[in-house]
2 protein chains.
Amino acid sequence: MSRYVISLGGNALGKDADGQKALLKGVAKALFPLIKEGHDIVIVHGNGPQVGMINLAFTESQSTPLMPFPECGAMSQGYIGFHIQNAIDNHMAQSSLKRPVVTLVSQVIVDRHDPAFDHPTKPIGSFYTKDEAEILTKTMGYVMTEDAGRGYRRVIASPKPIDIVEKDSILTLLDQGHVVIAAGGGGIPVVFENHALHGIDAVIDKDHASAKMAEIIGADALVILTAVDYVKIHYNTDQETDLKRITVSQLEDLMAENHFKKGSMLPKVEAAMAFVKATGHPAVIASLAHAEDAFKQQSGTLIVSG
Amino acid sequence: MSRYVISLGGNALGKDADGQKALLKGVAKALFPLIKEGHDIVIVHGNGPQVGMINLAFTESQSTPLMPFPECGAMSQGYIGFHIQNAIDNHMAQSSLKRPVVTLVSQVIVDRHDPAFDHPTKPIGSFYTKDEAEILTKTMGYVMTEDAGRGYRRVIASPKPIDIVEKDSILTLLDQGHVVIAAGGGGIPVVFENHALHGIDAVIDKDHASAKMAEIIGADALVILTAVDYVKIHYNTDQETDLKRITVSQLEDLMAENHFKKGSMLPKVEAAMAFVKATGHPAVIASLAHAEDAFKQQSGTLIVSG
């Protein structure tokens with residue numbers, strides 16, 4: 001019996017409620033062998049498109065108040081968490097397996113002095129004209145940047161996760177054999193100031209949150225599930241090569257050679273390395289399609305210490 | 001040490017994120033004595049205005065998909081649950097008290113053959129013209145009714161809660177001293193069909209969900225917090241009288257005399273009676289303002305068996 005943190009990418013989720021339910025049937029099937037074997041499991045999911053959709057609905061709607069980003073993140077945890085636990089419940093029911101599965105609304109602490117707040121990079125929400133963007137900067141204090149010729153968008157910071165507020169509840173449930181869904185979307189970002197936790201406009205990378213989760217709960221392995229079977233070098237050239245087993249120091253060399261794409265494979269590689277460095281335990285980056293083999297370390301890129 | 005279910009009315013929540021955070025500071029203060037004394041506590045909150053707001057945002061927004069009602073309910077659990085746990089965390093931090101507080105995304109099972117589905121009564125979402133309403137009935141199968149001269153609205157069913165899917169997780173956390181927020185908005189309504197749980201368009205009354213929760217977790221008391229200090233008879237007449245201590249059979253007589261308003265005090269009285277009948281333990285209907293006295297059964301209407 002092992003303890004796993006599974007990081008589930010946005011490709012495993014859908015564009016609307018029905019699409020998401022359909023895709024999550026596949027996720028439940030992929031995770032079922034691990035659940036059946038009785039391992040301790042925490043699932044951390046992404047929420048990029050979903051939190052954007054929720055924020056956009058409140059921005060475009062005339063009759064509803066604007067919804068701040070932490071609250072949109074909290075809504076996305078309810079929305080996606082419901083579908084994940086429901087899909088797992090239903091897959092287990094087919095096989096008469098019973099394990100409690102539950103989503104915990106999770107706050108993740110970040111540091112207001114994280115350098116990410118000086119250089120917000122994560123584009124969110126609607127597109128605006130240059131004039132509209134200037135007004136938003138003046139009235140709301142938003143940082144706006146031009147987005148690949150498509151218009152101006154707000155960018156917010158992506159600070160590093162420091163701690164998970166609800167970790168005691170996560171550990172208590174894990175210890176009793178419950179499958180836990182937590183820190184969805186990287187967690188609801190909060191800062192601790194004046195002896196209180198306050199929501200802050202930010203997006204925490206879900207792979208970094210997974211690595212922090214894996215460290216906190218003492219996971220035996222961090223498994224990052226994505227759309228590709230392996231981390232690759234010389235990506236999209238005739239020298240393209242799958243990485244099968246690699247050490248942290250080898251990965252550091254490859255990172256220095258810019259093999260991994262920012263905002264895509266790079267944060268996954270960084271998160272995996274952070275966990276392996278902090279704990280000595282392995283991380284796997286693999287495809288959802290081969291999840292079962294990935295858990296046995298027979299598919300995907302295995303990252304080990306050294 | 002006792003075990004309580006606390007049902008928190010919509011009046012304790014807000015119209016937007018800032019309003020809700022401000023109001024929940026008061027709730028956290030009101031519940032603090034109980035939390036400090038170490039009692040087992042499950043909080044069940046309402047979500048009427050909030051789930052309506054979320055559904056409306058997706059209906060009015062041009063760029064986002066329509067969001068079904070169970071998913072809107074799940075979002076409201078994340079949104080409101082985040083604010084409740086954050087407010088309690090922050091109030092405890094002021095007094096250096098530490099107890100884990102967490103929101104569980106909760107599915108509540110209802111019966112598709114519940115008579116409520118034949119007579120949907122709960123108005124939700126936007127107002128439409130008669131013509132628009134007829135189109136919605138034809139295309140979406142919605143039941144639409146005229147709402148007090150303000151236009152046509154969709155009405156959905158309010159079936160009785162049968163079971164709480166995540167009850168094992170709730171009990172596990174309670175047993176370890178965690179404060180649990182669950183079945184928010186009465187729970188995400190699901191039906192069990194073809195060996196699987198499916199979301200269904202419905203709204204479960206949060207007081208009935210609280211009574212079911214109290215029964216399931218073996219609560220010593222159900223405390224329904226609302227805007228008024230006491231259940232009253234001859235309400236709004238010169239004979240108006242506060243009920244202080246009353247038996248279930250006395251309440252049944254008063255119900256037969258139509259003392260309690262549908263959609264307002266009646267569901268609270270019915271839920272309280274259901275819990276007292278099922279368990280023999282007392283229920284209290286009291287105001288949030290006098291919550292501390294209500295927990296000591298020194299304020300509010302005490303409903304006992306007999």
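In what order do the 8 strands of the open sheet in chain B run? I started there, keeping in mind that this is a predicted model.

**Entry 1: the sheet in chain B.** I read the order as 3-9-2-1-12-16-17-15, with mixed pairing. Then I looked for the edges. They are strand 3 (101-103) and strand 15 (245-247) of chain B, and each pairs on one side only. From one strand to the next, the twist averages 20°.

**Entry 2: one strand pair.** I picked strand 1 (residues 3-8) and strand 2 (residues 40-45) of chain B. They run parallel, and 6 bridges join them. I noted one facing pair: Arg3(B) is opposite Asp40(B), which belongs to strand 2 of chain B. As a reminder to myself, strands of a sheet pair through backbone hydrogen bonds, either parallel or antiparallel.

**Entry 3: helices on the sheet.** Which strands does helix 1 (residues 17-36) of chain B lie across? I found strand 1, strand 2, strand 9 (179-181) and strand 12 (221-226) of chain B. This helix runs at about 165° to strand 1 of chain B. Helix 3 (residues 69-94) of chain B also packs on the sheet. Helix 3 touches strand 1, strand 2, strand 3 and strand 9 of chain B, and its direction makes about 175° with that of strand 3.

**Entry 4: Phe32 in chain A.** I moved to chain A, where Phe32(A) lies in helix 1 (residues 17-36). Is Phe32(A) buried or exposed? Its relative accessibility is 11%, so Phe32(A) counts as buried, the cut-off being under 20%. Leaving out residues up to four places away in sequence, I listed its contacts: His91(A), Met92(A), Ser95(A) and Leu97(A). I also checked Ile88(A). It sits 56 residues from Phe32(A) in sequence, with 7.7 Å between the C-alpha atoms.

Note on methods
Residues numbered from 1 in each chain as written. Chains lettered and ligands numbered in written order. Predicted model: local features only at pLDDT ≥ 70, side-chain atom pairs only at ≥ 80, totals over all residues. Heavy atoms only, no water. Helix = DSSP H or I, 4+ residues; strand = E, 2+ residues; numbered from the N terminus. Buried < 20%, exposed > 50% of the residue type's maximum accessible area, 1.4 Å probe, protein only. Contact = heavy atoms within 4.5 Å. Pairing = 2+ DSSP bridges. Axes fitted to C-alpha atoms, helices over the stretch in contact; angles between N-to-C directions.
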